[in-house]
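Reader: I would like to learn how to read a structure like this one. Could we go through it feature by feature?

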Amino acid sequence: MDPADALALLMSPEGRLDPYPTYERLRAHGPVVQAGPVFYVVTGYAEADAILRDARFGVMDDALRDQFMPGWRESPAVLSISRSMLRTNPPDHSRMRRLAAGAFTPRRIAAMRDVVRAQADELVDGMLAAEGPVDFMAAFAYPLPVGVICALLGVPAADRPLFRRWATDLTGVLEPEITADELAVADRGAAELRSYFTELVAARRRAPADDLTTALVQAHDGGDRLSGDELLANLIVLLVAGFETTTNLLGNGLVALLDHPRAAAALRDRPDLAPAYVDELLRYDSPVQLTSRMSTAPSRYGDIDLPPESWVIVLLGAANRDPRRYPDPARFDPWRAQSAPPSFGAGPHYCLGAALARLEAQVAFPLLLRRLPGLAVAGRPERRVRLTLRGHATLPVRAGRQAAPVTVPGTRPGAAGPTP
Ligand code: HEM
């Protein structure tokens with residue numbers, strides 16, 4: 001199949017529901033392929049990693065946004081994301097990132113472990129109390145990340161449902177294509193979220209608290225500070241970038257574990273193996289499937305010359321299945337020699353919340369497997385028809401306490417356990 005046709009297939013509902021066969025069609029043309037006059041697609045691991053670290057590539061700037069999305073300045077959703085670190089280039093990006101990273105410290109994240117465990121336990125209690133099948137997405141995968149981010153930011157628990165709605169509404173703007181209706185929903189969410197954060201920031205300026213919002217308000221580096229607008233944009237992006245992504249890791253990851261009962265049983269018995277499992281779950285079915293970059297100077301990747309102003313789609317989900325990097329890449333194998341998967345990106349925009357997302361999943365999966373040994377899919381899971389953020393709309397499960405009999409077709413015979 002011609003690369004342009006393969007790309008069109010990828011964007012179609014069918015392609016979005018299961019992008020992996022289309023990635024292989026693209027890969028057949030090479031790790032980097034040209035899909036239009038100044039339009040390129042990357043499926044190779046090494047090429048994706050190098051392009052994301054290459055200073056000749058940046059995120060879409062305002063001039064290009066004007067060209068592709070006239071009127072974007074009128075959209076509160078696009079405007080908020082565009083003014084955050086996620087969609088800015090140096091020097092603004094470096095300054096915002098430095099200030100945010102100073103607030104989002106490893107110590108602050110590590111201190112969230114007990115909060116994550118307590119919230120996960122409470123959600124499992126709820127699943128156990130329910131009669132009949134439970135939707136894992138509604139009962140666990142959505143509330144856990146939203147609860148954790150609200151706790152981190154100092155948002156009262158009572159406001160979590162609002163945050164869940166706003167974040168879900170806003171994530172549409174991360175997709176390569178958005179309908180007018182979806183944009184209207186995203187805009188409404190962005191406007192409401194912005195006014196909520198405006199009040200929260202004002203409250204923290206009056207009375208500082210021990211939370212991430214206060215740390216961002218107070219963040220300074222020499223004479224540098226986040227402007228009022230930058231503060232709001234980055235608070236919004238923390239929610240947008242950190243919520244549904246982690247939800248999808250929990251949903252996609254649970255499906256993979258339930259599909260591989262022997263591997264799941266090994267994790268239940270050895271929770272210390274969670275870091276290796278979570279990295280393999282991130283690789284196997286990446287919650288974020290793509291990002292994009294624009295080049296500012298000529299470059300050459302995968303035998304292809306890319307002129308300045310090339311638009312490059314970096315398919316993280318395809319890089320995660322590059323057989324040159326991961327032998328037998330379609331196989332879920334927590335035993336494989338690990339190398340951090342590119343699911344969190346690379347280079348200057350490498351995910352600021354990677355440690356938090358990993359922490360949530362490393363606590364959640366062993367806890368779910370231990371407290372719900374009979375956990376099993378109890379109906380047809382339904383995927384969200386999205387490409388950038390790959391996850392489930394619904395995932396019906398039976399949350400029984402009793403372990404289901406383990407039938408183990410196709411897992412590696414004789415494997416005693418992962419050796420991360
Ligand atoms: C499994 C969960 C997650 C995945 C797969 C993920 C993935 C990513 C990826 C691929 C990028 C880079 C985008 C690019 O290069 O264009 C990114 C950036 C970012 N992520 Fe995450 N993320 C996750 C969770 C989180 C969490 C929990 C937070 C915070 C609460 C977060 C905050 C951010 C921020 C602020 C950026 C922008 C960094 C920058 O531009 O410098 N993410 N994430």
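Author: Begin with the names of the elements: helices (at least four residues) and strands (at least two) are DSSP runs, numbered from the N terminus. Cys351, for example, is found in the loop between α19 (316–319) and α20 (354–371). Keep in mind that this is a predicted model.

Reader: Which protein atom is the donor to the iron atom of the ligand?

Author: A donor here is an N, O or S atom within 2.8 Å of the metal. The iron has a single donor from the protein, the SG atom of Cys351, at 2.3 Å. Cys351 belongs to the loop between α19 and α20.

Reader: How far is Cys351 from Ala184, C-alpha to C-alpha?

Author: The two are 27 Å apart in space and 167 residues apart in sequence. Ala184 has its place in helix α13 and is partly exposed, with a relative accessible area of 47%.

Reader: Which residues of α7 are buried, and what covers them?

Author: Buried means under 20% relative accessible area. In α7 that applies to His93, Arg95, Met96, Arg97, Leu99, Ala100 and Ala103. Their cover includes the helices α8 (106–110), α14 (212–218) and α15 (228–242). The strands β5 (220–221) and β6 (224–225) are also among the covering elements.

Reader: On what side or sides of a helix do buried residues lie? Take α3.

Author: The general idea is that an α-helix has 3.6 residues a turn, so residues three or four places apart point the same way. In α3 (20–27), the buried residues are Tyr20, Thr22, Tyr23, Leu26 and Arg27. They cover an arc of only 155° around the axis, and therefore lie on the same side of α3. Packed against them are α1 (3–11), α18 (274–284) and α19, together with the strands β1 (32–36), β2 (39–42) and β10 (311–315).

Reader: What about α1: which of its residues are buried?

Author: Pro3, Ala6, Leu7, Leu9, Leu10 and Met11 are buried in α1. The elements that cover them include α2 (13–17), α3, β1, β2 and β10.

Reader: At what angle do the axes of α13 and α15 cross, and with which hand?

Author: A crossing is described by an approach, an angle and a hand. The axes of α13 (180–206) and α15 come within 10 Å and cross at roughly 115°, and the crossing is right-handed. From α13, the residues Ala190, Leu193, Arg194, Phe197, Thr198, Val201 and Arg205 take part in the contact. Their partners in α15 are Asp229, Leu231, Leu232, Leu235, Ile236 and Leu239.

Reader: And at what angle do α9 and α11 cross?

Author: The angle between the axes of α9 (113–129) and α11 (143–153) is roughly 145°, and they come within 10 Å. This crossing is right-handed. On the α9 side the contact is made by Val115, Val116, Gln119, Ala120 and Leu123, and on the α11 side by Pro143, Leu144, Gly147, Val148 and Ala151.

Reader: Is Asn320 buried or exposed?

Author: Asn320 counts as buried, at 0% relative accessibility. It is found in the loop between α19 and α20. Its C-alpha is separated by 6.7 Å from that of Tyr45, which is 275 residues apart from it along the chain. Leaving aside neighbours within four places in sequence, the contacts of Asn320 are Leu282, Arg283, Ser286, Tyr326, Pro341, Pro342 and Ser343.

How values were computed:
Residues are numbered from 1 along each chain as its sequence is written. This is a predicted model: local features need pLDDT of at least 70, side-chain atom pairs count only at pLDDT 80 or more; totals for chains, interfaces and linings use all residues. Side-chain values use heavy atoms; hydrogens and water are left out. Donors are N, O and S atoms within 2.8 Å of the metal (3.2 Å for Na, K and Ca); water is not among the atoms, so sites may look incomplete. Buried means under 20% relative accessible area, exposed over 50%, partly exposed in between (1.4 Å probe, protein chains only). Contact means heavy atoms within 4.5 Å. The arc is that of the directions from the helix axis to the C-beta atoms. Axes are lines fitted to C-alpha atoms, for helices over the stretch in contact, and angles run from 0 to 180 degrees between N-to-C directions. A crossing is left-handed if the near helix is turned anticlockwise from the far one by less than a right angle, and right-handed if clockwise.
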